[in-house]
Amino acid sequence: MTDLAEYMNQAIGEIISSALRASLRNPKESRFLLHAGSAQKKAAELRGNYEKNGTHVPPFLIASITQKCNLHCAGCYARANHSCIDHPTANEMDADRWDEIFREAEELGVSFLLLAGGEPLTRADILTAAASHQNLIFPVFTNGTLVRGELLDRFDCSRNLIPVLSIEGDRENTDLRRGKGIYDKLAETMEQLKKRGIFYGVSITVTKNNLYQVTDQEYLRLLKHAGCGLVFYVEYVPVESGSEQLAPGERERILLEQRLDRLREEFHSIIFLSFPGDEKALGGCLAAGRGFFHISAMGAAEPCPFSPFSDTSVLSGGLKHALDSGLFRKIRESGIETAEHAGGCTLFAKEKEVRALLGK
């Protein structure tokens with residue numbers, strides 16, 4: 001764990017430093033990033049202290065704060081596992097409970113808390129709660145269609161909330177997966193974010209069909225011109241039967257890694273992250289508390305969004321209790337996280353094994 005912790009602490013520092021270099025002409029963003037750099041050093045110290053006392057605190061958490069979404073994207077993992085629906089159930093956690101989780105995360109030394117859904121921007125009350133925790137950085141993974149009015153103002157005033165817009169490449173690929181007209185709405189959102197000097201990123205689902213396009217230097221120049229400062233590549237996970245041919249194989253993974261190396265050399269003002277590619281340097285999958293775990297909208301502590309199984313809840317004992325999950329421990333001890341697999345997610349590909357561990 002020590003080597004992993006040191007590597008991840010260094011990676012977090014490099015991410016913030018890269019963002020700061022890209023924001024030198026943006027006083028509001030620079031002020032926040034200087035504060036964030038100091039806060040993340042303190043968070044690393046907190047995690048180190050817990051480690052010495054036998055508790056491993058991951059630097060990242062993923063929270064699906066709502067089931068509700070205003071789109072029906074093809075191949076959506078959240079709809080496939082029924083964690084994303086048109087109308088949320090009454091047992092979603094309220095903003096006050098999420099505020100308590102955010103506070104505990106801060107006290108434990110968590111650095112980044114990724115907000116997802118459903119569509120997280122349908123829960124403006126939870127975003128308001130998150131904004132008050134200035135020592136935490138909240139990448140908000142959104143389809144981008146609701147970044148208007150008060151929500152745009154929220155991102156402008158609260159720089160610890162970082163919008164990450166889902167896009168699939170050009171207009172044809174984006175509209176094919178997310179719906180007609182979505183690409184143009186995203187272009188409008190990017191324009192407004194750039195106009196206000198808000199640091200933002202994009203999340204691109206990589207398939208065999210769009211790999212060449214979304215890693216093309218000309219495409220990245222367009223994103224850079226649009227003000228994008230972060231590109232997060234996520235390999236497609238074939239949650240829908242019959243879509244397995246879209247998932248990148250070993251050949252595509254090698255190509256993605258090679259192209260990423262070139263892009264990082266050319267575009268110094270953009271941060272490039274890759275899942276699960278970047279996990280290779282960390283010895284495999286980071287789920288189940290090794291580097292992160294997932295909290296569902298109802299409070300279930302799960303290994304990963306793609307592995308929605310749970311034996312504990314943050315409602316009963318908070319985050320520290322969830323870190324002691326027997327399922328998480330069994331997954332880490334089983335070696336599943338480092339096993340060979342097909343598709344973009346280790347635990348999704350090992351569903352039977354995870355179910356067996358949960359049964360035990």
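This is a predicted model: local features need pLDDT of at least 70, side-chain atom pairs count only at pLDDT 80 or more; totals for chains, interfaces and linings use all residues.
Trainee: How are two packed helices described?

Mentor: Two packed helices are described by the angle between their axes and the distance between the axes. Take helix α4, residues 95-108, and helix α5, residues 124-131. Their axes come within 9 Å and cross at roughly 30°.

Trainee: Is α4 roughly parallel or roughly perpendicular to α5?

Mentor: Angles under 35 degrees count as roughly parallel. That makes α4 roughly parallel to α5. The crossing of α4 past α5 is right-handed.

Trainee: Which residues of α4 and α5 meet?

Mentor: From α4 come Ala95, Trp98, Asp99 and Phe102. From α5 come Asp125, Ile126, Ala129 and Ala130. The contact of α4 with α5 has 6 nonpolar residues, no polar ones and 2 charged.

Trainee: Why do numbers three or four places apart keep turning up on a helix face?

Mentor: An α-helix has 3.6 residues a turn, so residues three or four places apart point the same way. Look for that spacing when you read a helix contact.

Trainee: At what angle do α2 and α4 pack?

Mentor: Helix α2 covers residues 27-52. It packs on α4 at about 75°, with the axes 7 Å apart. Angles of 65 to 115 degrees count as roughly perpendicular, so α2 and α4 are roughly perpendicular to each other. Leu46, Arg47 and Tyr50 in α2 meet Glu106, Glu107 and Leu108 in α4. The residues of this contact of α2 with α4 split into 3 nonpolar, no polar and 3 charged.

Trainee: Now burial. Which residues of α7 are buried?

Mentor: Buried means under 20% relative accessible area. In α7, residues 171-178, the buried ones are Thr174, Asp175, Arg177 and Arg178. Their cover includes β4 (161-167), α8 (182-195) and β5 (201-206).

Trainee: Take Thr174. What is its relative accessible area?

Mentor: Thr174 has a relative accessible area of 0%, so it is buried. Now look past its neighbours within four places in sequence. There, Thr174 is in contact with Ile167, Glu168, Gly169, Gly179, Ile182, Tyr183 and Leu186.

Trainee: And the ends of α7? What does a side-chain oxygen of Asp170 reach at the start?

Mentor: That oxygen of Asp170 comes to within 3.3 Å of the backbone nitrogen of Glu172. After α7 comes Gly179. The phi of Gly179 is positive, near 120°. Gly179 is also one of the residues in contact with Thr174.

Note on methods
Residues are numbered from 1 along each chain as its sequence is written. Side-chain values use heavy atoms; hydrogens and water are left out. Buried means under 20% relative accessible area, exposed over 50%, partly exposed in between (1.4 Å probe, protein chains only). Helices (H or I, at least four residues) and strands (E, at least two) are DSSP runs, numbered from the N terminus. Contact means heavy atoms within 4.5 Å. A polar contact is a pair of N or O atoms within 3.5 Å; within protein, one must be able to donate a hydrogen and the other to accept it, and residues adjacent in sequence count only if both atoms are side-chain atoms. Axes are lines fitted to C-alpha atoms, for helices over the stretch in contact, and angles run from 0 to 180 degrees between N-to-C directions. Angles under 35 degrees count as roughly parallel, over 145 as roughly antiparallel, 65 to 115 as roughly perpendicular and the rest as oblique. A crossing is left-handed if the near helix is turned anticlockwise from the far one by less than a right angle, and right-handed if clockwise. Ala, Val, Leu, Ile, Met, Phe, Trp, Tyr, Cys and Pro count as nonpolar, Asp, Glu, Lys and Arg as charged, and the others, Gly among them, as polar.
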